[in-house]
Amino acid sequence: MVDIEVQIPSAFDPFADVEQDSGGGAGVKEYVHIRIQQRNGRKSLTTVQGLKKELSYEKILKDLKKEFCCSGTVVQDKELGKVIQLQGDQRKNVSAFLSRAGIVKKDQIKIHGF
């Protein structure tokens, strides 16, 4: 008999690579992760995770919603902390906004998704 390894595809987890990036060590940067999550049909959510805890998430969300004319909310997650969710695919817009406003540097932003 020949042993063949078969990998069964599973559902895509957009937060799977968080554990890889969050390894503590000297010289490790803290990244802001911007992801897209598919809802149903053409609908999607953009999530922003990894902002500093001392920032006011509600004020950032208010400015993002006003700038991009979309709806959004701040969600408290047990493992990830506070996560900003925006309606639609706003990955590039959010990245440009955060660097332009001086909240994070451009090299500290990671954009995930298809």
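This is a predicted model: local features need pLDDT of at least 70, side-chain atom pairs count only at pLDDT 80 or more; totals for chains, interfaces and linings use all residues.
Within α3, the residues Arg91, Val94, Ser95, Phe97 and Leu98 are buried. Seen down the axis of α3, these buried residues fall within an arc of 165°, so they line one face of the helix. On the other side of α3, Lys92 and Arg100 are exposed. The cover over the buried residues of α3 includes β1, β2 (44-49), α2, β4 and β5 (109-111).

Taking the chain as a whole, its secondary structure comes to three helices and five strands, and from the N terminus on these elements run in the order α-β-β-α-β-β-α-β. The protein chain has 114 residues, of which buried residues make up 32%, while the chain exposes about 8,400 Å², with carbon and sulfur atoms supplying 50% of that area. Among the contacts with a separation of 6 or more, 51% are accounted for by residues 24 or more positions apart.

The strands form an open sheet of five, ordered β3-β4-β2-β1-β5, in which the pairing is mixed. At its edges stand β3 (72-77) and β5, each of which pairs on one side only, and from one strand to the next the twist averages 25°. Strands of a sheet pair through backbone hydrogen bonds, either parallel or antiparallel. Here β1 and β5 run parallel and are joined by three bridges, with Val32 standing opposite Ile109 in β5.

Two of the helices can now be placed against these strands. α3 packs on the sheet, where α3 touches β1, β2, β4 and β5, and the direction of α3 makes about 160° with that of β1. α2, for its part, lies across β3 and β4 and runs at about 10° to β4.

The largest nonpolar core has 17 residues, and the members that touch the most others are Val48, Leu51, Leu64, Ile84, Leu86, Val94 and Leu98. Two or more residues each are given to this core by β1 (32-38), α2 (57-68), β4 (81-87) and α3 (91-100), and the largest share, five residues, comes from α2. Val94 brings the account back to α3, as one of the residues buried in that helix and one of those that touch the most other members of the core. Leaving aside residues up to four places away in sequence, Val94 touches Ile34, Val48, Leu64, Phe68 and Leu86.

Technical notes: Residues are numbered from 1 along each chain as its sequence is written. Side-chain values use heavy atoms; hydrogens and water are left out. A nonpolar core is a set of buried Ala, Val, Leu, Ile, Met, Phe, Trp, Tyr and Cys residues joined through side-chain atoms within 4.5 Å. Buried means under 20% relative accessible area, exposed over 50%, partly exposed in between (1.4 Å probe, protein chains only). Helices (H or I, at least four residues) and strands (E, at least two) are DSSP runs, numbered from the N terminus. Contact means heavy atoms within 4.5 Å. The arc is that of the directions from the helix axis to the C-beta atoms. Accessible areas come from the Shrake-Rupley method with a 1.4 Å probe; for residues, only the protein chains shown count as cover. Two strands pair if DSSP finds at least two bridges between them. Axes are lines fitted to C-alpha atoms, for helices over the stretch in contact, and angles run from 0 to 180 degrees between N-to-C directions.
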